Amino acid sequence: SIISTKNGRLATADVNNFYLNTPMARPEYMKIKVEFIPQEIQDEYDIADKIIDGYVYVEINKGMYGLPQAGILANRLLVKRLDSYGFRPTQHTPGLWRHESRPIQFALVVDDFGIQYVDKTDVDYLLQALRKHYEDVTVEWAGKKFCGVSITWNYTDQYVDISMPGYIQKILHRFQHTAVRREEPEDKSPPLDKQGIERIMQIVGGLLFYARMVDPTIMMALS
């Protein structure tokens, strides 16, 4: 509702390493093949006497990349930390947060904040709350990029253009697609094998993101 909100604007913010160092209720454990640990790391942490049958066993006490529950742990901690500042998730829209009294709300996608505001001081208040708990918080006041989407704002005439420059070209290159005629002969090729099915799933998945974010006209074909 940024365009339809009088004097509404978008700023974006990012919390670096948002998923890291979140305290866990109980430790978890994993083993790492020593061959996957660079020698310089082995030397720095002197792990030679900790290698058992080619593995190093690790106790995990805080959130880290690759930990399945890292996202929910980080999100729950954010809820707790921002509550005292009056910011809370909305009841029925996942990822949308509002302030209890200030005219500001934000969409949170992983560690990216898309912040709708009217008064810049409200954004400063949110940044103050975040920086109290997170070391590296950056803000982009022009709001030109969010979730991989390029955004061109025209606040005066109340419209906005969204695009993902180069995205389709990258998909075509990734799958080495050859352009074909619009009218193809009847498909009499044999059913796809497992590898072929996985390729179609990858293509559909890559295009589905683009369709949902920018161009829904290809949804029918993807379905």
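# Close-up views of the predicted model

**View A. Lining the second largest pocket are Ile168, Ile171, Leu172, Phe175, His177, Arg199, Ile200, Ile203 and Leu207.** The model is predicted, so local features need pLDDT of at least 70 and side-chain atom pairs pLDDT 80 or more, while totals for chains, interfaces and linings use all residues. Residue numbers start from 1 along each chain as its sequence is written, and side-chain values use heavy atoms, without hydrogens and water. A pocket is an open set of points on a 1 Å grid over the protein atoms alone, where a 1.4 Å probe fits, with protein on both sides within 12 Å along at least five of seven lines; lining residues have an atom within 4 Å of a point. The second largest pocket holds about 290 Å³ of space, a volume being the space filled by probe spheres on the points, which are joined across faces, edges and corners. Two or more lining residues come from each of α4 (167-174) and α5. The most, four residues, come from α5. By type, the lining has seven nonpolar residues, one polar and one charged.

**View B. The largest pocket contains about 410 Å³ of space.** It is lined by 19 residues, and Ile2, Leu10, Phe146, Ile151 and Trp153 are the closest to its centre. Elements that contribute two or more residues to this lining are β7 (104-109), β8 (112-117), β11 (149-154), β12 (159-163) and α5 (194-213). These elements are DSSP runs numbered from the N terminus: helices (H or I, at least four residues) and strands (E, at least two). Of the lining residues, 14 are nonpolar, four polar and one charged. Here Ala, Val, Leu, Ile, Met, Phe, Trp, Tyr, Cys and Pro are nonpolar, Asp, Glu, Lys and Arg charged, and the others, Gly among them, polar.

**View C. The largest nonpolar core is made of 23 residues.** Such a core joins buried Ala, Val, Leu, Ile, Met, Phe, Trp, Tyr and Cys residues through side-chain atoms within 4.5 Å. Leu78, Leu82, Phe87, Phe106, Phe113, Ile115 and Leu130 have the most contacts inside the largest core. At least two of its residues are supplied by each of β1 (9-15), α2 (70-83), β7, β8 and α3 (120-133). The share of α3, five residues, is the largest. Leaving aside residues up to four places away in sequence, Phe87 touches Leu82, Trp97, Arg98, His99, Ile104, Phe106, Tyr125 and Leu126, contact being heavy atoms within 4.5 Å. A second, separate core has 15 residues, including Ile2, Ile3, Trp153 and Ile171.

**View D. Asn21 has a positive phi, near 65 degrees, and is not a glycine.** Most residues other than glycine have a negative phi. Asn21 belongs to the loop between β1 and β2 (23-33). Its relative accessibility is 54%, so Asn21 counts as exposed. Exposed means over 50% relative accessible area, buried under 20% and partly exposed in between (1.4 Å probe, protein chains only). Asp46, also not a glycine, has a positive phi of about 50 degrees. The loop that holds Asp46 runs between α1 (39-45) and β3 (51-52). With a relative accessible area of 52%, Asp46 is exposed.

**View E. Asp122 and Arg102 form a salt bridge, with an N to O distance of 2.8 Å.** Because Asp122 is in helix α3 and Arg102 in the loop between β6 (96-99) and β7, the pair ties together parts 20 residues apart in sequence. Asp122 is buried, at 5% relative accessibility, whereas Arg102 is partly exposed, at 29%. A salt bridge has a side-chain nitrogen of Lys or Arg within 4 Å of a carboxyl oxygen of Asp or Glu. By this rule there are five salt bridges.

**View F. Lys120 and Asp124 form a salt bridge, their closest N and O atoms being 3.5 Å apart.** The two residues are four apart in helix α3, so about one helical turn separates Lys120 and Asp124. Lys120 is partly exposed, at 43% relative accessibility, and Asp124 is partly exposed, at 32%.

**View G. A network of salt bridges links Asp83, Arg88 and Glu100.** Lys50 is partly exposed, with a relative accessible area of 45%, and Asp49 is exposed, with 64%.
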